[in-house]
Amino acid sequence: MVTSVPRLVIAAPSSGSGKTTVATGLMAAFAARGLGVSPHKVGPDYIDPGYHALATGRAGRNLDAYLCGTELIAPLFAHGARGCDLAVVEGVMGLYDGAAGQGDLASTAQVAKLLRAPVVLVVDASSQSRSVAALVHGFASWDPEVRVAGVILNKVGSDRHEEMLREALDASGVPVLGALRRAPQVDTPSRHLGLVPVAERRADAVDAVAAMAAQVRRGCDLDALFALARGAGELSGAAWDAAEAVVSVSPRTPDGPQERTPAGTGERGTGPRPAPRVAVAGGPAFTFSYAEHAELLVAAGAEVVVFDPLRDEQLPEGTGGLVIGGGFPEVYAPELSANEPLRKAVAELAFGGAPVAAECAGLLYLSRELDGQPMCGVLDTTARMDERLTLGYRDAVAVSDSALAAAGTRMRGHEFHRTVVEPGAGAAPAWGVRAPRPRVEGFVQQGVHASYLHTHWASGPGVARRFVERCLTS
């Protein structure tokens, strides 16, 4: 199979240069032209893909070479871009910034190379003129395998400022494909972990995306950008497929891959099994989820139903398993606490032995209390906000057998939070991690697996398979 979807990678010299504004604006502007636009984000970030989805009407998808491995980047991209006219990939941090101490691993540059895609560099020009040429030259020449094929100048102050910037860049060999004036109306509010998610400000987010699209249309050469995207190299190999993944792949264990029967069959593959209902937390308090997780659960034979812990007083009828991903329960602690009927329903399900997978925000929700507000009381731990940011990739090994993984299963994850739980691990911890210091963390009890670690199940599809199997037998 060959993938030839036109594609662009939107990168920058550093964070704060305007990548999200430009990438989201381009997505919305091209979608308004009637193109099917596939949105992607380099790295583990959950929030930007929400704005991408609003701009395109398609699920925003992540491309993280650390969490998923370099071998899955092109297949996951092809899966998300199937049937589209254009793909726009927003980078992470600076173009060459990736996993700390590991070269270009998980950087925007590495993903661009894996996708054989041209890079458009978004440069904050607010405090420079002629120096912009030296900056662009340095980024364009640093790695000859990375094709920096265009520049979009952001935060340009005036017509004269733009003229000086363009004159300086004439000799760089990198064409200017856009110049955007300073426009505070396209700014999106931030707080302790970055932008405020779309789900928390739907109407304002719609207006912000529309303003981004209008600014990009005014300041960028969309025809030249699309022509550049059409020059991306072909990608060979099959697109990622959730159904194939749950059949053929299981998590990595010390003893290697395990044999699995096809999804949706009996123990010996002899007949159909009923589809267990897996409830997935959503709504404004729980916005962090990779699209592939639900796809893998469905492929493994589950029926996925989304519910909102802020508003729904009961779990979906017939719930046999529960997934509570990341988000901002600390922002909604009083409201989550006030929904006592749902807290009791969650506790009853968990204490009854049903499989429960909780990541980060889910861990906080299952604790006894969060910032003094009663939570579900499933875990004997308390949670509170903290001034210190915990951030980084983690290599993890499952310490205890759980509904997600057998002890010894190795996965990669990511932590991103300003909260702490005390104690940080139960009698049966979830994971052992090596960095930034060796430690165990998280909780495994009955069917519950709760941890701060965000994982991408595409890297270990057996996690979804095992979870659904436990739903059938619990």
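**Close-up 1. What helix α15 packs against in this predicted model.** The buried residues of α15 sit against a whole set of neighbours: the helices α10 (242-248) and α11 (291-299), plus the strands β12 (277-281), β14 (319-324), β15 (356-359) and β19 (410-422). Which residues of α15 are the buried ones? They are G462, V463, A464, R465, R466, F467, V468 and C471.

**Close-up 2. Helix α15 from end to end.** Here we're looking at the 12 residues of α15, residues 462-473.

**Close-up 3. S337 and its surroundings.** You'll find S337 in helix α12, which covers residues 333-338. Its relative accessibility is 9%, and because buried means under 20%, S337 counts as buried. The side chain of S337 reaches over to the backbone oxygen of P374, at 2.9 Å. Setting aside neighbours within four places in sequence, S337 is in contact with R343, Q373, P374 and M375.

Close-up 4. A disulfide is a covalent bond joining the sulfur atoms of two cysteines. How many disulfides does the model have? The count comes to 0, with a pair needing its sulfur atoms within 2.5 Å. Are C84 and C376 buried or exposed? C84 counts as buried at 10% relative accessibility, and C376 is buried too, with a relative accessible area of 8%.

Key. Residues numbered from 1 in each chain as written. Predicted model: local features only at pLDDT ≥ 70, side-chain atom pairs only at ≥ 80, totals over all residues. Heavy atoms only, no water. Helix = DSSP H or I, 4+ residues; strand = E, 2+ residues; numbered from the N terminus. Expected span 1.5 Å × (residues − 1). Buried < 20%, exposed > 50% of the residue type's maximum accessible area, 1.4 Å probe, protein only. Contact = heavy atoms within 4.5 Å. Polar contact = N/O pair within 3.5 Å; in protein donor to acceptor, adjacent residues only side chain to side chain.
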